[in-house]
Amino acid sequence: SIDIGDFSLIDDNCVLDDTNQNIIYFNAVNKIDKSIIIGTHVLVNRGSIIKQGTTVGDECIIKEYSVVDGTYASNNMLAGNPATIVDKNIKWKYNF
């Protein structure tokens, strides 16, 4: 499942990869069922990929074309492949 918090923005060409990729071993199916959780007021920039089982805290920014996998606390800027924290304790707002 995918849970996106209030006031979060997801730009174009992003992938939220929550596919349940069943792995078959000797006719037994092991289901991988991990949710994607995106906090409140998160900006996911163009072309980013959020992988299954990822949790992104509130007030985060994910830079363009990042591949995010894992758990990240609130108020961080993430960038890269794989994504790492490039800035901490950030504050941002919409500029309408």
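Student: In which strand is the place of Tyr 72, and is Tyr 72 buried or exposed?
Tutor: This is a predicted model, and in it Tyr 72 belongs to strand β12, which covers residues 71-72. Buried means under 20% relative accessible area. Because the relative accessibility of Tyr 72 is 11%, Tyr 72 counts as buried.

Student: Which residue has its backbone oxygen 3.1 Å from a polar atom of the side chain of Tyr 72?
Tutor: Leaving aside neighbours within four places in sequence, Tyr 72 is in contact with Thr 55, Val 56, Gly 57, Leu 78, Ala 83 and Ile 85. The backbone oxygen lying 3.1 Å from a polar side-chain atom of Tyr 72 is that of Ala 83.

Student: How many residues does the largest nonpolar core have?
Tutor: In soluble globular proteins, nonpolar side chains tend to be buried together. Here the largest nonpolar core includes Tyr 72, Val 56, Cys 60, Ile 62, Leu 78 and Ala 83. Tyr 72 and Cys 60, 12 residues apart in sequence, are 8.7 Å apart in space from C-alpha to C-alpha. The number of residues in the largest nonpolar core is 12.

Student: Is Ile 4 buried or partly exposed?
Tutor: Ile 4 is placed in strand β1, residues 2-4, and together with Ile 2 and Ile 10 it makes a nonpolar surface patch of about 220 Å². Since buried means under 20% relative accessible area and exposed over 50%, the 37% relative accessibility of Ile 4 makes this residue count as partly exposed.

Conventions: Residues are numbered from 1 along each chain as its sequence is written. This is a predicted model: local features need pLDDT of at least 70, side-chain atom pairs count only at pLDDT 80 or more; totals for chains, interfaces and linings use all residues. Side-chain values use heavy atoms; hydrogens and water are left out. Helices (H or I, at least four residues) and strands (E, at least two) are DSSP runs, numbered from the N terminus. Buried means under 20% relative accessible area, exposed over 50%, partly exposed in between (1.4 Å probe, protein chains only). Contact means heavy atoms within 4.5 Å. A polar contact is a pair of N or O atoms within 3.5 Å; within protein, one must be able to donate a hydrogen and the other to accept it, and residues adjacent in sequence count only if both atoms are side-chain atoms. Patches are made of residues with over 30% relative accessible area and no salt bridge: like charges are joined within 9 Å, nonpolar side chains (Val, Leu, Ile, Met, Phe, Trp, Tyr) within 5 Å. Accessible areas come from the Shrake-Rupley method with a 1.4 Å probe; for residues, only the protein chains shown count as cover. A salt bridge is a side-chain nitrogen of Lys or Arg within 4 Å of a carboxyl oxygen of Asp or Glu. A nonpolar core is a set of buried Ala, Val, Leu, Ile, Met, Phe, Trp, Tyr and Cys residues joined through side-chain atoms within 4.5 Å.
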